[in-house]
Amino acid sequence: MKICLIGSGYVGLVTGACFSDVGHQVICVDNNATKVQQLQAGHIPIYEPGLEALVKKNVAEGRLRFTVSIEDGVDQSQVIFIAVPTPPQPDGSVDLRFIEGVAREIAAVMKSYKIVVDKSTVPVQTGEKVAETISRYNKAKVDFDVVSNPEFLREGSAIGDLMNPDRIVIGVNNERPVAAMKEVYEPFKAPIIVTDINSAELIKHAANSFLALKISYINALSIICEMAGADVEQVADGMGADKRIGRQFLNAGLGYGGSCFPKDLSAFIHIADELGYEFDLLKEVEKINCLQKERFIKKIRETLWILTDKKIGVLGLSFKPNTDDIRSSAAIEVVQALIKEGAKISVYDPKAMAKTREILPNLNYCENPYDVADGSEALIILTEWDEFRSLDIGRIKNLMVNPIILDGRNIFSPKVMESAGFIYKSIGR
Ligand code: UGA
């Protein structure tokens, strides 16, 4: 299939790379000329395991190319995916100006029948507006179909998620684009769910909100576990073994962050509100997510008492492992709270230090976890990178002023840490 992706951000780039790798002919469009040049030269602006190799391979084999020209992309493709940002506005609603802009541009250059697919996360009923916009601005009155095809990939495991999806959702308002969409996804051998456009759009917000709800549920349980003397990991294992519940997304910790869940939850609350329903359940999910960070900071304060001028070591900055993304990262929020209280912070993160330096230039950035531990009064774990799980705990202990670890991601066993001589505090156990 000849495919164009408009927007070479996270979703557009990973999707473009994977589509080309399964044999489609792909053009990725971006309005940032510098980025396009970098991508053409094989430089990937984000860290995502496997992405650079995949892009280089498919560029070299002639199935993937990059351009700044929407006209070029649209002319040469049957299916046009819109994968531009849909950022939040101060009131929680979604800013759809990029979607509208791209719809207008497609309309202006479209000379023959095209399938225009929305892949960006958008509020329900956006497809209707996109169709209206294209009709309005396509003076040649060329035929087209709008499709909603939400993306479910996670940062850090984006390629695996895209190559082996649980399901593909295709939202259409007539049968015409279905065959072509099935052809696009045929190589992925995944179940395809065909719905109407509004339902497909809702599936995305509903799925992300449900996952966030699962996280807040286990985090609320972690509070009860601490009060009752139970272990949240054991509770999660016991609950999660029920196939109807499942163990995934039942890891208690500092709460969810990233560029999707916080934004999608406020958007969904806002969308429901506009439609006339007050989504109090999701408001509570957000409240628990904030509380989790506040409780952890309180725990640090209770353990260390005065934080002013104390040397505190921090492990982890990204919003989750295997990414350099620090957007809405719980780790960053905790670090900012510690800075506010006057702590002297040394940090290490395998990938997210460069991005953190841009917003917090005055931290002591270390080359490894041992340098962080050296002379620290306490070590705080904020992101569960595998590298931290396999630390030489004895060496860490010898380097620290006090053997105190506060673990916001439950990466160690309390028993093991206590028998190693640490004062070890984690979440919900
Ligand atoms: C999420 C969804 O999982 C994807 O399906 C979706 O496509 C994506 O948003 C999106 O809308 O684009 P992502 O934000 O990359 O993916 O990351 P997740 O792996 O879902 O983690 C989100 C947050 O939840 C992280 O901060 C993570 O630390 C936290 N989390 C996750 C927990 O606190 N506990 C868990 O058990 C699982």
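Author: The charged end of Arg357 lies over the ring of Tyr365, 4.5 Å from the ring centre. A charge is taken to sit over a ring if NZ of Lys or CZ of Arg is within 6 Å of the ring centre and within 35 degrees of the ring normal. Arg167 is placed over Phe152 in this sense, with its charged end 3.5 Å from the centre of the ring.

The model is predicted: local features need pLDDT of at least 70 and side-chain atom pairs pLDDT 80 or more, while totals for chains, interfaces and linings use all residues. Residues are numbered from 1 along each chain as its sequence is written, and side-chain values use heavy atoms, with hydrogens and water left out.

Next come the rings among themselves. There are 10 aromatic pairs in the structure, where rings of Phe, Tyr and Trp (its six-membered ring) pair if their centres lie within 6.5 Å. Planes under 30 degrees apart count as stacked, over 60 as edge-to-face and the rest as tilted. Tyr277 and Phe279 are edge-to-face, because their planes meet at 65 degrees, with the ring centres 5.5 Å apart. Tyr277 is partly exposed at 49% relative accessibility, whereas Phe279 is buried at 18%. Buried means under 20% relative accessible area, exposed over 50% and partly exposed in between (1.4 Å probe, protein chains only). One aromatic cluster is made up of Phe19, Phe81, Tyr185 and Phe188.

As for the cysteines, the count of disulfides is zero, a disulfide being a pair of cysteine sulfur atoms within 2.5 Å. The closest cysteine sulfur to that of Cys4 belongs to Cys28 and is 7.9 Å away, so the two are too far apart for a bond. Cys4 is buried, with a relative accessible area of 0%; Cys366 is also buried, at 7%.

The second largest pocket holds about 400 Å³ of space. Of its 18 lining residues, Leu96, Pro123, Val124, Thr126 and Lys129 are the closest to its centre. Two or more lining residues come from each of α5 (97-109), α6 (126-137) and α11 (261-275), and α11 gives the largest share, five residues. Helices are DSSP runs (H or I, at least four residues), numbered from the N terminus. A pocket is an open set of points on a 1 Å grid over the protein atoms alone, where a 1.4 Å probe fits, with protein on both sides within 12 Å along at least five of seven lines; lining residues have an atom within 4 Å of a point.

Note on methods:
Points joined across faces, edges and corners; volume = space filled by probe spheres on them.
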